[in-house]
Amino acid sequence: MAIEVRIPTILRQYTDGKKAVEGSGDTLADLFTDLETRHTGIQARIVEKGQLRRFINVYLNDEDVRFVEGIDTKLTDGDTVTILPAVAGGMA
Amino acid sequence: MRYDSPLAAVGNTPLVRLPRLSPSADVRIWAKLEDRNPTGSVKDRPALHMIEQAEKDGRLTPGCTILEPTSGNTGISLAMAAKLKGYRMVCVMPENTSQERRELLAMWGAEIIPSPAAGGSNTAVRVAKELSAEHPDWVMLYQYGNPDNAGAHYATTGPEILADLPSVTHFVAGLGTTGTLMGVGRFLREHKPDVKIVAAEPRYDDLVYGLRNLDEGFVPELYDASVLTTRFSVGSADAVTRTRELLQQEGIFAGVSTGAALHAAIGVGRKALTAGESADIVFVVADGGWKYLSTGVYTAATTEEAIETLQGQLWA
């Protein structure tokens, strides 16, 4: 199952500078575990104690997963996941 | 429809179904055409309501100066109302907003104080607050924290939508001051507890993010997360793509932030379709495309070129 994952600048050190990588998994948690097998170190920058880190936002097809099921949000083939640092002042 | 003055013609905008962009016959998308207001944007509603409430409270009296941080539309609405009502208008606006906006403000007699591009609207808010402290006699209506901003939508936009489309299931709008989402959201939920209130938040490319990062965080005082069902973050490329689709497929010439709202509307529409549910999704056309013509996004030969032209620019 292929999921496109868009990587923010600050995490591209784990993806050889690539802006987007592919991954797989039934949920976001599975996807981040899968990414870790090829991009060592990336999981810990996104996940802390089984939850999304506070200053990381994750979007499934542009929808904020905190309003869906958080790290347990289910994925479907062809989905796009976007990871972004939470930006101060991103609302006005 | 007949009105006693131009200001009385604010609101009562059309709600039109988009037959081509709707995902199916049972999942319908409807556009609330707020560009049909007197100065061409949704902001006529909160601007007029904030002024009239301030007049009622005695905060605004003849000869007063109104001060407002605004990236354009609210300033344009306030400037027009201020001109007709005899107030002086001062706007604080990021220096990187479009030439059209500055000319529209000047045309209605507003004075513009530019704020640094870095930090965007957040910096404009900070500069306006500093000016307000220096000029205690100026009246800052302050759209980000004035309950009458959301109140305008609670009193007018929400009731219009419910009257025109009692079967409404979703309401989608851009997230700026949050006034539209808070006001319409509260009204609709009181009458339809299951209605979904969906925010479309602009997401800029790394360049603009870098600029915005220089600033401290700013959450509008009006924002109440409990009103929202979900939030979409829409990048420039998707906003431009949808803005062009809206023009080419439905003939609606709208601003780029409207493309972002449409993208979120299509997103929730697809989810409804997948779940086998029917839906009536209303999204807000906040303004027309006129003020953004100089960006070139409408006339670019391809959507890829249009996206390229918008790189690094603020569009909401």
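**Figure 1. Burial in chain A of the predicted model.** Of the 92 residues in chain A, 28% count as buried. A residue falls in this class if 20 or more other C-beta atoms lie within 10 Å of its own. Among chain A contacts with a separation of 6 or more, 46% link residues 24 or more positions apart.

**Figure 2. Overall dimensions of chain A.** The C-alpha trace spans about 35 × 25 × 25 Å along its principal axes. The radius of gyration of chain A is 12 Å, which agrees with the value near 12 Å for a compact globule of 92 residues.

**Figure 3. Secondary structure of chain A.** Two helices and seven strands make up the list of elements. Along the sequence they follow the pattern β-β-α-α-β-β-β-β-β.

**Figure 4. Strand β3 of chain B and its burial.** This strand covers residues 65-69. It is mostly covered, with four of its five residues buried.

**Figure 5. β3(B) beside β4(B).** Strand β4 of chain B holds residues 88-94. Five bridges join β3(B) to β4(B), and the two run parallel.

**Figure 6. β3(B) beside β6(B).** Strand β6 of chain B consists of residues 139-140. β3(B) and β6(B) pair in the parallel sense, over two bridges. Here B:I66 has B:V139 as its bridge partner in β6(B).

Definitions and conventions:
Residues are numbered from 1 along each chain as its sequence is written. Chains are lettered from A and ligands numbered from 1 in the order in which they are written. This is a predicted model: local features need pLDDT of at least 70, side-chain atom pairs count only at pLDDT 80 or more; totals for chains, interfaces and linings use all residues. The radius of gyration is taken over C-alpha atoms; the globule rule is 2.2 Å times the number of residues to the power 0.38. A residue is buried if 20 or more other C-beta atoms lie within 10 Å of its own, exposed if 12 or fewer, and partly exposed in between; C-beta atoms are placed from the backbone. Two residues are in contact if their C-beta atoms, placed from the backbone, lie within 7 Å. Two strands pair if DSSP finds at least two bridges between them.
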